Amino acid sequence: MGSTMIFDMDGTLFQTNIILEASLDETFTYLKSLNYWEGSTPIEKYREIMGVPIEVVWETLLPNHSNEVRTIANEHFHADLITKINEGKGALYPNAVEILSYLKDNNYSIFIASNGVTEYLNAIVKYYNLDEWVIEVFSIQQIQSQNKADLVQTILKKYNIVNGAVIGDRLTDIKAAKSNGLTAIGCNFDFAQEAELAQSDVVIDDLGELKAIIPALSIKNS
């Protein structure tokens, strides 16, 4: 297999921020109706931790609640997100389709590695027909460690990959690339943080920039 591009999903290919706040607010409103929550929705705290495994999300947002309540919140949250995706309320980032098509046309192998849960990822893939370009989508649910570096390693081993890049907006993506000997391409999008992006090999402000930078990074397809 030639060069490979492994994309993160949330905040990289899919504009999660468009539906995130509404779904999170709906979830905490639901928790209020069950007398499990008081006060406003902790949207800013969520933005700070965006990209971490879902278990960490609810441990952070509901630190004083039981695992049962966290499970209720998680199920409601994802159900609402999926509903919004299926209703067309979400969106891919500008030039996402164009760059995926370009990469496939130039014989790059495309994968998705995400901390998102499988059902949620599948909803995005189905609605936007991403399987037209993406070989396989990998969810953090598929591995025990809940570490994205291990998830990327799973892809490399399964497909015998030795050359490529991880494209993502958070430190977990950058670390996943570097720990596996891949190029780390940081996306300066909605949830990105400057200190994290500084650790990547290169930073882009638009997915369309990949056309120009990939050859310069010596990850040209063989």
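This report describes the fold, surface and aromatic ring pairs of a predicted protein model.

## Basis of the model

The model is predicted, so local features need pLDDT of at least 70 and side-chain atom pairs count only at pLDDT 80 or more, while totals for chains, interfaces and linings use all residues. Residues are numbered from 1 along each chain as its sequence is written, and side-chain values use heavy atoms, with hydrogens and water left out.

## Overall fold

The protein contains 10 helices and 6 strands. These are DSSP runs numbered from the N terminus: helices are H or I with at least four residues, and strands are E with at least two. The C-alpha trace spans about 60 × 35 × 30 Å along its principal axes.

The radius of gyration is 17 Å, which agrees with the value near 17 Å for a compact globule of 222 residues. This radius is taken over C-alpha atoms, and the globule rule is 2.2 Å times the number of residues to the power 0.38. Of the contacts with a separation of 6 or more, 68% join residues 24 or more positions apart; a contact means heavy atoms within 4.5 Å.

## Surface and charge

Of the 222 residues, 52% are buried. Buried means under 20% relative accessible area, exposed over 50%, and partly exposed in between (1.4 Å probe, protein chains only). The accessible surface comes to about 10200 Å², and carbon and sulfur atoms account for 45% of this surface. Areas come from the Shrake-Rupley method with a 1.4 Å probe; for residues, only the protein chains shown count as cover.

There are 16 positive and 30 negative side chains, and the centres of the two sets are 4 Å apart. Lys and Arg count as positive and Asp and Glu as negative, leaving out His and the chain ends; the charges are placed at NZ of Lys, CZ of Arg, CG of Asp or CD of Glu.

## Aromatic pairs

The whole structure has 9 aromatic pairs. Rings of Phe, Tyr and Trp (its six-membered ring) pair if their centres lie within 6.5 Å; planes under 30 degrees apart count as stacked, over 60 as edge-to-face and the rest as tilted. Phe 14 and Tyr 128 form a tilted pair, with ring centres 6.0 Å apart and planes at 55°. Phe 14 lies in the loop between strand S1 (4-7) and helix H1 (17-33) and Tyr 128 in helix H6 (residues 118-128), so the pair ties together parts 114 residues apart in sequence. Both Phe 14 and Tyr 128 are buried.

Phe 111 and Tyr 159 are also a tilted pair, with centres 4.6 Å apart and planes at 55°. Phe 111 in strand S2 (residues 109-114) and Tyr 159 in helix H7 (residues 148-159) are 48 residues apart. Phe 111 is buried at 0% relative accessibility, whereas Tyr 159 is partly exposed at 21%. Ring pairs also join Phe 28, Trp 37, Tyr 46, Trp 58 and Phe 77 into a cluster.
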